[in-house]
Amino acid sequence: MKSHSESYKAAGVDITAGYKAVELMKEHIAKTMSAGVMGDIGGFGGLFELDMTGITKPVLVSGTDGVGTKLKLAFLMDKHDTVGIDCVAMCVNDIICVGAKPLFFLDYIAVGKNFPEKIASIVSGVAEGCVQSGAALIGGETAEMPGFYPEDEYDLAGFSVGVVDKDKILNNKTIKEGDVILALPSSGVHSNGFSLVRRVLDVENADIKTPLERLGGKSIGEALLAPTKIYVKPMLALFEEVKVKAVSHITGGGFYENIPRSIPKGFGAKINKASLKTPPIFELIMEKGNIPERDMYNTFNMGVGMSVVIAKEDAEKALKILKANGEDAYIMGEIIASEEGVVIV
């Protein structure tokens, strides 16, 4: 490509670095290609041919999100190959909550200065998230914005589109008292609450690189950077064999905000606190910040990345399916008649 501008480069934007970044990321993008992808990276729009096999009333479902201030940890640790997984996860995990299958993903990376190798590292994570969710990475944008972002910092966001048959959209109208609530474990803090995390752990000044025994030999930085789990494939397998009544992605707002979003009025979620498998990073955050327990459950996922409501008689089968698909799921509570939303006992 002959495109080159010394004047634009003098202003802080090196368009040739952008071309190099695209070339470096192509090998990662190739891993995400699926049958519906049309065209190649570099066009003005990402093309995707929708396969309607087995779908009588297609409904498109979209989700968009970013990684938030978790990126500050990536800067501090100088590790950029996992935050892309977070970006994809925050979108596709929302899409799966209505029963939809993600089809494709697009990312947006804004940087102070385009370092092609760093951009390729970020995109490698995005591609890995797409592989984990079965979504094709069909396009994106890298914007070099000198003077707006510091040279060594960036922001990362994206969106995904999925499809579901209208008759298979999850319907919580069948929820009744005594239904079981399953927990799908998180990998840690995921991508929410990092403004609080960064303040109470003082990550900019503290030692976040030394392994700690209480964190299983991981450093604070490693524990916090653990990428958000993607639940798409296990949940799609569950949808095939069990009637799922409701699904909640536990993100910002924790238990108290997210679980009620999928439960109809007149019902609540009774959570057995003793059953929860909470990673030690949450204990450290609570201790260092002197944070009340209720605030912890109202901010973080506390070890539960996704909750699933099913009939009690389907619990054993559901757990077996999820475990066969790599999810160590367990029963964490039940549906009760209540106007309180979430009751943790």
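Tutor: Glu-287 has a relative accessible area of 48%, so it is partly exposed (buried means under 20%, exposed over 50%, and partly exposed in between, with a 1.4 Å probe and protein chains only). This is a predicted model, in which local features need pLDDT of at least 70 and side-chain atom pairs count only at pLDDT 80 or more, while totals for chains, interfaces and linings use all residues. Residues are numbered from 1 along each chain as its sequence is written, and side-chain values use heavy atoms, with hydrogens and water left out.

The partner of Glu-287 is Arg-214, and the two side chains form a salt bridge with an N to O distance of 3.2 Å (a salt bridge is a side-chain nitrogen of Lys or Arg within 4 Å of a carboxyl oxygen of Asp or Glu). Glu-287 belongs to helix H10 (residues 280-289), whereas Arg-214 is in the loop between helix H6 (194-201) and helix H7 (220-225), so this pair links parts of the chain 73 residues apart (helices, H or I with at least four residues, and strands, E with at least two, are DSSP runs numbered from the N terminus). Arg-214 counts as partly exposed because its relative accessibility is 36%.

Asp-179 pairs with Lys-245, their closest N and O atoms being 2.9 Å apart. Asp-179 is in the loop between strand S6 (154-165) and strand S7 (180-185), and Lys-245 is in strand S8 (residues 244-249), so the pair ties together parts that are 66 residues apart in sequence. Asp-179 is buried because its relative accessibility is 1%. Lys-245 has 6%, so this residue counts as buried too.

A further pair joins Asp-81 to Lys-79, with 2.9 Å between the closest N and O atoms. Asp-81, at 33% relative accessibility, therefore counts as partly exposed. Lys-79 has a relative accessible area of 35%, so it is partly exposed.

What is the count of salt bridges by this rule? The count comes to eleven. As for the general idea, side chains of opposite charge can pair when their charged atoms come close.

To recap, Glu-287 and Arg-214 meet at 3.2 Å, Asp-179 and Lys-245 have closest N and O atoms 2.9 Å apart, and Asp-81 bridges to Lys-79.
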